[in-house]
Amino acid sequence: MILDMKKYAQTARKAAAEGIVMLQNNGGVLPLKEGAKIAVFGRNQYNYYKSGTGSGGLVNTAYVVGIRDALEKSSFILDEEVGKTYEEWLKGHPYDKGKGWGNEPWVQEEMPLPDELVFKAAKESDAAIVVIGRSAGEDHDNEAKPGSYLLTELEEQMMEKVCHAFEKSIVLLNVGNIIDMKWVEKYSPSAVLYVWQGGQEGGNSVLDVLCGAVSPSGRLTDTIAYDIEDYPSTKNFGSETENCYAEDIYVGYRYFETFAKDRVMYPFGYGLSYTTFDCKNKKIEEKDNGLMAHCTVTNTGTAAGKETIMVFCEPPQGKMGKPARVLVGFAKTGELLPGEKEELSVWIPQYHLASYDDSGITGYRSCYVLEAGEYKFWIGTDVRSGEYAGSVHYKDLIVAERLEEALAPTKAFCRIRPERVEMTAGKTGAECGEATVDYRIAREDAPLRTVNPMERRNQNLPETASCKGNMGYRLPDVESGVVSMEEFLSQLSDEELVWLTRGEGMNSPKTTPGTGGAFGGVTEELLGYGIPIGCCSDGPSGIRLDCGNLAFSMPNGTCLACTFNEQLCEELYQWEGLELRKNKVDNLLGPGLNIHRNPLNGRNFEYFSEDPLVSGKIAAAQLKGLRRYGVMGTIKHFACNSQEAHRNTVNALVSERALRELYLKGFEIAVKEGGADSVMSSYNPVNGIWTSSNYDLLTTVLRKEWGFSGIVMTDWWAKGNEEGEEGNRQNMAPMIRAQNDLYMVATDAKTNSNKDNLMEKLKEGSLTRGELARSAGNICRYLMTTPSYLRMKGEETELDRELEQCPPPEDEMMHQAKEIEVNPQAEIMPEEIRLGDGERSYFRILAKEKGDYKLEMHCRSAMDNDVVQFALAVWQDDQLIQVLSLTGADHNWTRFEVDLHPITGGGCGLKFFSRQSGMEIRDIKIYLQ
């Protein structure tokens, strides 16, 4: 069977285990011995976080293996009294989902620990495990307070009591993001592991590491500092209006290794193993337009394991100023048995050594340059452990790429740069006959914009062809070469071109039920031209199907990045590609590529790292995996979606250099190496222009410089603006001018349910038909690469036939349905109910009479947000019968009727599913028609 869910799960389990980062293992307490007696503390052993919240985590799963679940099926002997104490307490302290979108608490209430329970367990157990859990997500940033970035008082007490009473204590961090770690020095647990949010197989992956079936090989993709204030971005994070990126390119290890080494608790790339490795024969050699780094890795320990090697460059400061270390490449071994070795080679393009001159200080403004001087290279397992491997000296400045100014700020601000203060001999410096350099923070004015993007747009307008009317051409005629794309689009009226740029959703009945959006042939007229309806759905942690269909929940983005294993990530996303293909979803809305600028960003769990090279490489691997089976991913959120609070309005004030070297670089790698052909612009403005309307971002950089030829879509219900004006959801004209091709989403494209201004601006001349046709062409060319296009042409592939034979995951909760005996008319649920996020209600209907039955119910919104869309899925046995839709503005009770399939003497199962909380239901009745 091509979509083997067991093999899918095995791959996910392997990836989640490989992403686990072990920070401490004093005395070799791990791995635990078979049959070890363990006392498990912390309520999150029962409430495992498989992912963060929001669109990045809304996956309906057949099962989730939590940490407690996995431990109970292992050889370990769990302390029954501790377990029963938690279970009794949890009856009165159930899981709190919060109310409404983005309001799930960061942390669940922790159980106070009686001293006698802890000390008794310590006498009877070999070791203790403490589980700490955190959640955050879309519209819900972390905060530097207890219960979020910091431990709560009860968690501190738990940590103190357990670590004091037990000789061996192991802390597992079931989190999506790094948290404050000062408690490690305070309480000295034996072992500490970031187990992240590992998806539905997460508990099994934790078990694999604890028992030693897998030696941990994950490495931090972020720097863990002592205090949140140590991160230079913290003082400019969380604003309602504007965040100044004054730290410039000095984010994460780029900052700490240059200015604040003493404020680092765990450096970038840090991670321990159950075995030891030796890295020898390090060398750097010039080759073609780049370098090759080589080393030999040998397993010198007693357990099998994998090792990651990172190559860092120390560039000359020159006139521009540069970080003391920059990651320029990495590689990972296969699993090495004790004594085995592997030769690793890392290709480093010269471009990865270059810096972007946004001021002209080198004489080459708007160019990537390598300033003259010595470029030193360090090879190691993290940014601190690297040993000198060689250097390359460039006598003269090298221009790596000539570009043009784009995205520069118009508002003045100061940014930091290094200033040399003294020379100090260091071990690694002495080995290479040089000395290390210390720097302090200096400041300079960020260069301001000199080129108006609207003038650039006006000088590069596409040709406008008049409407010729329907000549009988269909989109397949473009594919076969009968007609050009331009000639094909000349058939469409202005209105039809406009309809084509409006995506519909959420939960459009025109595509796979419960998905995020439909686009392309969303009207009968567009379908008549042979334009298929494309389907897209969230997201980075698995397929979001709001109708209640089940899908596989993946390990979160940070966990996967910590594997540093591109091949494994590609393999995992091949399974995801098959699952998308089976569900007739053309486009996965992910991966997310935003830089971890600050640990408090709520969506960091979706993203990969503080480093753009890691982010780009892992994203490219995922995209390659998806593409193997003909589906695509949408890289998002382009760009600078660095916080969730006020994400629709907060401006990113940032230099062009920081944009190009950090915040756009991962996207660039995903486009050039991963073949990305779908991009989602972000909600926020960058330097005063909302990204969906940003011509330089979406045309000058993305399309002209990077060669991107795919589609750009907005985030859902995003805003656009003319420079100098506030953004709003109706201002779609500047989006099309910028080549943001698709607005996502409208309820109805043809009737202009969003009341956008496209036709108005087209008539007044500030938007041209040529620009509309250009976006329409981008959309059509993209659609011609999708499985939906093949289905529209009637070309069923062998792959699709095989996938049709694969059964869907079984919803095990249906076996817990409440049985109801139905007379010709019966009332199932007279009381008013309110379903929360992802909740299901089940009933087993036993009909006294066979026949055709009808279901009736009343629904309404209980939310204040009028933009929210609700979908209530009604299932009969394993078939979706109907999806009932409401908006947040529908506050009055609305009556719905649903025709059921005929009910026989054996009865049937009914399931009601709501992904979005806030829909109220009452007066559910079933009766014979």
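This is a predicted model: local features need pLDDT of at least 70, side-chain atom pairs count only at pLDDT 80 or more; totals for chains, interfaces and linings use all residues.
Let me begin with E247, which, once its neighbours within four places in sequence are left aside, is in contact with P232, S233, I416, R597 and Y663, contact meaning heavy atoms within 4.5 Å. Residues are numbered from 1 along each chain as its sequence is written, and side-chain values use heavy atoms, with hydrogens and water left out.

E247 is found in the loop between strand 8 (242–244) and helix 8 (253–259), where helices (H or I, at least four residues) and strands (E, at least two) are DSSP runs numbered from the N terminus. At 2% relative accessibility E247 counts as buried, a word I use for under 20% relative accessible area, with exposed for over 50% and partly exposed in between, using a 1.4 Å probe and protein chains only. One of the contacts of E247, R597, also has its charged end over the ring of Y245, 3.8 Å from the ring centre; the criterion is that NZ of Lys or CZ of Arg is within 6 Å of the ring centre and within 35 degrees of the ring normal. K911 likewise has its charged end over a ring, that of W875, at 4.5 Å from the centre.

Turning to the aromatic residues, the structure holds 25 aromatic pairs, a pair being rings of Phe, Tyr and Trp (its six-membered ring) whose centres lie within 6.5 Å, with planes under 30 degrees apart counted as stacked, over 60 as edge-to-face and the rest as tilted. Y194 and W196 form a stacked pair, 4.7 Å centre to centre with 25° between the planes, and Y194 is buried at 0% relative accessibility, as is W196 at 1%. F268 and F564 form an edge-to-face pair, 6.5 Å centre to centre with 80° between the planes. Because F268 lies in the loop between strand 9 (264–266) and strand 10 (277–287), and F564 in the loop between helix 15 (557–561) and helix 16 (566–582), this pair ties together parts that are 296 residues apart in sequence.

Strand 10 and strand 11 (residues 290–299) pair in the antiparallel sense over nine bridges, with E285 having M292 in strand 11 as its bridge partner. These two strands form a hairpin with two residues between them, and D288 in the turn has a positive phi of about 50°. Strand 11 also pairs with strand 14 (residues 341–349), again antiparallel and over nine bridges, and here the partner of T296 is E343. Strand 11 is mostly covered, nine of its ten residues being buried.

Finally, helix 4 (residues 115–124) has L117, V118, A121 and A122 as its buried residues. Seen down the helix axis, they fall within an arc of 130°, so they line one face of helix 4, the arc being that of the directions from the helix axis to the C-beta atoms. That buried set packs against strand 2 (37–41), helix 3 (80–92) and helix 5 (153–165), whereas the face turned away from the buried side carries the exposed residues E116 and K123.

Technical notes:
Two strands pair if DSSP finds at least two bridges between them.
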